[in-house]
Amino acid sequence: MPVYRCVIPEGSLTYDQRAEIATAFTDVHCGLSAAPRNFVQVVFLEATAGFELPDTHGSGTIKADTPYFVAGGNRGGRPPELKAKILAGLLKRFSAIAGVPTNQVSGRISEAPASWTMEAGKVLPEPGEEPAEWYEHAAVSG
Amino acid sequence: MVKFDCIVQEGCVDETLRPKLATALENVCLDVLGATAGPAEFSWVVVKKGFGFRGGEPSNTSLVRGRIPDGCDRDTRERLLKSMADEWCRLTGATAHDLVISARDESWAG
């Protein structure tokens, strides 16, 4: 966590754009939340006919209101205004890098208790309680 | 019923492993949560190469998001996550660093 699933039209973004968006998302999320960079997962899913996006932090499916949609899943416990700032920052950068109008990009961030997730063999700590060694490693490729 | 949404990076988890993974994770749920957990249901999404990133770099990480019956205490949930992670890594050859796994309450609305 966090996991940001970006729903995009098929063939709409180049690899360079996707990579730049992924870096930008990492910068935004970590810049505002102080989470370790290698926590940030970004995946791009191309929407084809019949595509449905499961709500992996809630139930049912998420309805994407715009052609480009960011479905985020974060650890709970941060102030609502911080979550809003993170989302606004992500959408702004996405729009700029993808070269699409801001009204074509929307998103939401769902949350769940940190203790419900395990990463690298360890239950996630609450936001702000990450042990120092989690920051000592460079971004992990895979 | 327990439900798992599995997002895997292309080339990292062979499609032929899916039945074994499903059986193994279901068995862990039954063992840890009991028969009330019921059958497990799985969905799979493959992220094409060049479409998955971690820390801004290309990713090999699998993301397994589970929904389990409400009422699981912290220690039991941790045991569940650890056992599922161990089985996943055993069967796929992945390391713990290549897996993010979660189990949320069925009633949780996000």
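Trainee: In what order do the elements of chain A run from the N terminus on?
Mentor: They run β-α-β-β-β-β-α-β-β-β, with two helices and eight strands in chain A. Helices (H or I, at least four residues) and strands (E, at least two) are DSSP runs, numbered from the N terminus. Before we go on: this is a predicted model, where local features need pLDDT of at least 70, side-chain atom pairs count only at pLDDT 80 or more, and totals for chains, interfaces and linings use all residues. Residues are numbered from 1 along each chain as its sequence is written, while chains are lettered from A and ligands numbered from 1 in the order in which they are written.

Trainee: And what is the order of elements in chain B?
Mentor: From the N terminus, chain B reads β-α-β-β-β-β-α-β, which gives two helices and six strands.

Trainee: Why do β7(A) and β8(A) count as paired strands?
Mentor: Two strands pair if DSSP finds at least two bridges between them. Two bridges join β7 (residues 117-119) of chain A to β8(A), so the pair qualifies, and the two run antiparallel. Within this pair, A:Met118 stands opposite A:Val123. In general, strands of a sheet pair through backbone hydrogen bonds, either parallel or antiparallel.

Trainee: Which sheet do these strands belong to?
Mentor: They belong to an open sheet of six strands, in the order β8(A)-β7(A)-β6(B)-β5(B)-β1(B)-β2(B), with mixed pairing.

Trainee: What makes β8(A) and β2(B) edge strands?
Mentor: Each pairs on one side only: β8 (122-123) of chain A and β2 (40-47) of chain B.

Trainee: What is the strand order in the other open sheet?
Mentor: There the order is β6(A)-β5(A)-β1(A)-β2(A)-β3(B)-β4(B), again six strands with mixed pairing. Its edge strands are β6 (105-112) of chain A and β4 (57-58) of chain B. Strand β3 (residues 52-54) of chain B is joined to β4(B) by two bridges, antiparallel, and B:Arg54 stands opposite B:Glu57.

Trainee: Which strands does α2(B) lie across?
Mentor: Helix α2 (residues 74-92) of chain B lies across β7 and β8 of chain A together with β5 and β6 (99-105) of chain B, at about 145° to β6(B). Axes are lines fitted to C-alpha atoms, for helices over the stretch in contact, and angles run from 0 to 180 degrees between N-to-C directions. Contact means that C-beta atoms, placed from the backbone, lie within 7 Å.

Trainee: Why are α1(B) and α2(B) called roughly antiparallel?
Mentor: Angles under 35 degrees count as roughly parallel, over 145 as roughly antiparallel, 65 to 115 as roughly perpendicular and the rest as oblique. The axes come within 10 Å and cross at roughly 155°, and the two helices are therefore roughly antiparallel. Among the residues making the contact are B:Leu25 of α1(B) and B:Trp88 of α2(B).

Definitions and conventions
Contact = placed C-beta atoms within 7 Å.
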